[in-house]
Amino acid sequence: MERLPEKKEISNYIIQSSEDEIKRIAFELHEGVGQTLYSVFTGMQLLEANMTDHESKHHVHEMNEILEKTIQEIRFLSVELHPPTLSSLGFLPALKSYLNLYKATYGILVEVEQVGQEILLPERHRIMLFRVCQEALGNIAKYADTHQVHIKLEWEKHGVAIVICDEGIGFDVEKNRHKPGLAVMYERMKLIGGNCVITSTLGKGTTIQLELPLQ
Amino acid sequence: MFDKTIHNAAIMDICIKTLHEVNCDFVGFAFQNQIGPDIKWHVVAGNQNEKYKHITLRYGKGIAGRVISTGSPMTIEDFPHDILGKALEYPIMLAEKLIYAYAVPIYLNGAPKGVFLIGQRLRKGLSEEEKKVIIIQARSIEDTIS
């Protein structure tokens with residue numbers, strides 16, 4: 001009799017399929033729609049430069065400004081969905097690129113400390129770690145009421161450890177353990193053979209410890 | 001065009017005046033930078049922190065981004081409930097812990113280039129009279145920068 005897939009395999013498959021789709025959309029936005037709009041933008045700039053009628057020139061200038069903002073937003077969307085550097089350069093460049101966007105979007109400053117040299121993780125592990133960090137940072141922006149976050153990455157021969165700390169309002173971890181925002185972080189780390197520990201003290205802040213042993 | 005060194009004091013006066021005249025906790029003015037496509041919060045009153053200084057508005061996203069992209073006023077009645085998109089798309093609401101917001105576009109040379117936003121941390125809503133006051137103040141900002 002054919003063996004039925006285990007729950008973990010099904011979860012893995014669902015997450016992988018959705019990650020593939022997100023990556024495809026991000027790539028299409030960045031390389032397809034974004035590039036096409038950029039070509040239109042440069043063409044419009046040329047048109048604007050050669051125009052003599054003041055009113056038309058002003059009108060084209062306004063359209064160019066809207067195009068420029070749209071191109072910028074498409075780049076931001078692409079980074080949020082799946083930073084292009086995550087597949088090519090690795091986890092840290094992708095995280096740094098996301099953190100620039102995070103600071104500009106939420107006004108929260110993020111300090112990054114790195115110990116050791118980045119070890120190139122398998123792409124699936126990179127994506128999962130990135131998503132967990134993204135979820136943690138999103139939760140901080142939504143609930144922590146803080147203006148600063150500290151991230152420490154420690155690369156060792158046997159694994160990587162990431163600690164995300166904030167000095168926000170804190171929360172009751174036990175009461176919220178099964179809420180989707182936290183449950184998804186535990187689950188994603190478990191799926192790649194890692195571990196996630198969340199500790200928090202009301203009024204003092206929250207610490208998220210992620211550990212991923214390298215096979 | 002908005003020039004911080006020239007217009008800051010006058011717009012701050014308008015923001016403070018609005019904070020006193022309208023039943024609200026936060027007033028903010030965001031405008032497109034002189035160079036490049038970035039739109040930033042330049043003048044605020046009633047703020048609880050300095051996060052606004054680092055925020056760059058996302059064109060077409062959140063209340064302020066949508067007001068600038070559509071050129072029309074917008075109201076958030078009960079944040080984070082009944083909103084378009086995700087709560088994370090509304091950074092100024094999160095940063096200043098706003099529940100209610102009303103935002104109007106600031107036009108320059110016939111195009112929306114900025115936003116004037118009024119927010120409440122306890123939802124009380126705004127009367128039509130108060131909304132009229134806000135629109136008048138937004139026109140004053142337009143006159144100041146034009």
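Modeller: Let us begin with the contact between the chains. The model is a predicted one, and across the interface of chain B and chain A there are 13 residue pairs in polar contact, both residues at pLDDT 80 or more.

Colleague: Which elements of chain B give two or more residues to the side that touches chain A?

Modeller: These elements are H3 and S5 of chain B. In total, 19 residues of chain B are in contact with 26 residues of chain A.

Colleague: How many salt bridges are counted between chain B and chain A?

Modeller: The count is six. One of the pairs joins the side chains of B:Arg58 and A:Glu80, with an N to O distance of 3.1 Å.

Colleague: How is the size of an interface expressed?

Modeller: Interface size is often stated as the accessible area lost when the parts come together. Here chain A and chain B bury about 2100 Å² between them, and 52% of this lies on carbon and sulfur atoms.

Colleague: Let us turn to the sheet. In what order do the five strands of chain B lie?

Modeller: In general, the strands of a sheet pair through backbone hydrogen bonds, in either a parallel or an antiparallel manner. In chain B the five strands form an open sheet in the order S2-S1-S5-S4-S3, with antiparallel pairing. Strands S2 (39-45) and S3 (74-76) of chain B each have a single partner strand, so they stand at the edges and one side of each lacks a neighbour in the sheet. On average, neighbouring strands of this sheet are turned by 20° against each other, with direction ignored.

Colleague: Over how many bridges do S1 and S2 of chain B pair?

Modeller: Strand S1 (residues 26-32) of chain B pairs with S2(B) over six bridges in the antiparallel sense. Within S2(B), B:Val43 is the bridge partner of B:Phe29.

Colleague: Which strands does helix H2 of chain A touch?

Modeller: Helix H2 (residues 54-81) of chain A packs on the sheet and touches S1, S2 and S5 (111-120) of chain B, its direction making about 55° with that of S5(B). Helix H2 (residues 62-70) of chain B also packs on the sheet, touching S2, S3, S4 and S5 of chain B, and its direction makes about 150° with that of S5(B).

Colleague: Finally, is B:Glu96 buried or exposed?

Modeller: The relative accessible area of B:Glu96 is 0%, so this residue is buried. B:Glu96 lies in the loop between helix H3 (91-95) and strand S4 (100-108) of chain B. Its side chain reaches the backbone nitrogen of B:Gln48 at 2.8 Å. Beyond four places in sequence, the contacts of B:Glu96 include B:Phe26, B:Asn49 and B:Arg121.

Note on methods: Residues are numbered from 1 along each chain as its sequence is written. Chains are lettered from A and ligands numbered from 1 in the order in which they are written. This is a predicted model: local features need pLDDT of at least 70, side-chain atom pairs count only at pLDDT 80 or more; totals for chains, interfaces and linings use all residues. Side-chain values use heavy atoms; hydrogens and water are left out. Helices (H or I, at least four residues) and strands (E, at least two) are DSSP runs, numbered from the N terminus. Buried means under 20% relative accessible area, exposed over 50%, partly exposed in between (1.4 Å probe, protein chains only). A polar contact is a pair of N or O atoms within 3.5 Å; within protein, one must be able to donate a hydrogen and the other to accept it, and residues adjacent in sequence count only if both atoms are side-chain atoms. Contact means heavy atoms within 4.5 Å. Two strands pair if DSSP finds at least two bridges between them. Axes are lines fitted to C-alpha atoms, for helices over the stretch in contact, and angles run from 0 to 180 degrees between N-to-C directions. Buried area is the accessible area (1.4 Å probe) that two parts lose on being put together, summed over both. A salt bridge is a side-chain nitrogen of Lys or Arg within 4 Å of a carboxyl oxygen of Asp or Glu.
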